[in-house]
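Trainee: I am new to this structure and would like to learn how to read it. Please take me through it one feature at a time.

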Amino acid sequence: MSTFVTLLVIGLSEGAILALAALGFVLIYKATGVINFAQGEFLLIGAYSFYTAFVVMQLPIVLALLVGVLVAVVVGVVVERFILRPMVGQSHISIIMVTIGLASVLSALVQMFYGTQPRSMPPILPRGSVSILGGTVPVNRLWAIVICAVVLGLLTWFFQKSRHGVAMRAVADDQQAAMTVGISVRRVFAMSWALAAISALIAGVTLADITTVEMNIVNFGLLVFPVVIMGGLDSVPGTIVGGLTIGLVTQFVSGYMDPGLAEIVPYLVLVLVLLVRPYGVFGEKRIERV
Amino acid sequence: MPPGQPLLRVSDLTLKFGGVTALADVDMSVESGTIHAIIGPNGAGKSSLLNCMSGLYRPTSGSVALRYVADDVGRGRRDQPAASPEADIDSLDIRERALTSLPPHRVARLGVARSFQNIELFDHLTVLENMMLGRHIHMKQNVLTSMLWFGPARRQEIAHREIVEEVVDLLKLQAYRQKPVGTLAYGIQKRVELGRALALQPSLLLLDEPMAGMNAEEKEDMARYILDVHELAGVSIVLIEHDMNVVMDISNRVTVLDFGKVIGDGTPQEVMDNPRVIEAYLGAGAAS
């Protein structure tokens, strides 16, 4: 029982961070149709830009977060404007290759400035552990769950209710119709990339705080693929459930079976979902007519 | 724009797709307060002409110019009754803007709304959400203030909702308000699309075959709604239609296209009597 509670909390915290990272991916896919292979690198950029502001430049935490948000917005908008907009109308494969190239460039840039050594950052979230139902639970994991839940809630609300969120859904649904009611499709594209980068920033910083600031964040970011495939690529609730599922499955396999197996189990889930429900557990069943 | 004034002027409009000339030196003028029909055989270039007006197509040469009263557009207020014809035209700040160099969303902001031949609605959103999107251009919040539900954003939302509800009443869509548009019948979707365009409170409404694929009864209903919209909302309408009876019934003026050229322009009766029009529709020799 005690192991179970510990694994549950760790799994939920990693799942929540994953869901947040994956939501950024889904946002971009929904609004612009681009499959962004650089989402993991966005986490990396987020974590390192916060690290730079907080540790290297010694800014107070609020200011450091603002710097992080600013960098995220700029990176998102620049990537959309100068890398993806020229690709409008190109084939899906070409666009995917461009985002893979972008991923290499972004992680190489981080390595260029910071090398491959993990960096330590003073803890932001409270350390220590509490005992819940006999299990030892790190407090910062609990905080990570709370932070991700709040941000996920805000983003979902933004998407459902706010004027700009509704405009984003409209563009995802029918670009031509969106233009004729006066929505600037370009602005919506830029906004999706900026929001995706911000959600990646929050995911990246939270992850860096409960682990370390290092290149491995990219590998964690790769896990967004099992998550979004499971969620059905364009479903917000699907992404949240997918993130939590992948996080929990990984931790339980690691704790009860074998940590090595836990490394590959998300991808086994991915293959299984593709075999059984290729449109995802929550995805819309699409019949393409040619 | 007071009725009787020129509202939209198309001059020397040419549109080529590679070697195909879709429109060749088209000239036409739409007067404010009228229902202006564009007719012509299949492939005559009617939809292309409408797409040039709404900014979706960029013409090869020529221009489309819209005249508008600056105050109306600037403040996003077109809900007041249109100025009476007697109003002093000189006292209004009337401006002219070329639509052909603007992207579609800017054309919409100048007060030109449209519907499509093959219905372009947001299938996953409800009827109300679709129509609220029609209010998008009138909402004045930025990304940050729109995140705060309370205060100005909320008051605005309520004001916009009232206008949308009026449109819902006008088009008798009450029963479908909360339904996702994708689940509704074709005829209802056509009406929702008209409603969304109307929610923009446009000065000019472009309707691409609003009655396509309807039976006689549905067509009659749609014609009724279009006349109601024209009368109650005081909006000028340009519409493409195939059914000659409908065109004769509801339009004030008709422009006839054939192979991208204007072959007739005038009142419905003048157009009906035009030998070139009869020839285009019925073939050579029919006019004699």
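Trainee: Is A:Gly165 buried or exposed?

Mentor: First, the conventions: this is a predicted model, in which local features need pLDDT of at least 70, side-chain atom pairs count only at pLDDT 80 or more, and totals for chains, interfaces and linings use all residues. Residues are numbered from 1 along each chain as its sequence is written, while chains are lettered from A and ligands numbered from 1 in the order in which they are written. A residue is buried if 20 or more other C-beta atoms, placed from the backbone, lie within 10 Å of its own, exposed if 12 or fewer, and partly exposed in between. A:Gly165 has 21 C-beta neighbours inside 10 Å, so A:Gly165 counts as buried.

Trainee: Which residues is A:Gly165 in contact with, leaving aside neighbours within four places in sequence?

Mentor: Contact means that two C-beta atoms, placed from the backbone, lie within 7 Å. On those terms A:Gly165 is in contact with A:Phe158, A:Phe159 and A:Gln160.

Trainee: Where is A:Gly165 found?

Mentor: Helices (H or I, at least four residues) and strands (E, at least two) are DSSP runs, numbered from the N terminus. A:Gly165 is in helix 6 of chain A.

Trainee: How many residues of chain A are in contact with chain B?

Mentor: There are 18, and they are in contact with 24 residues of chain B. Helix 6 of chain A gives the largest share of chain A's side, seven residues.

Trainee: How do strand 1 and strand 2 of chain B pair, and in what sense?

Mentor: Pairing requires at least two DSSP bridges between two strands. These two pair in the antiparallel sense over eight bridges.
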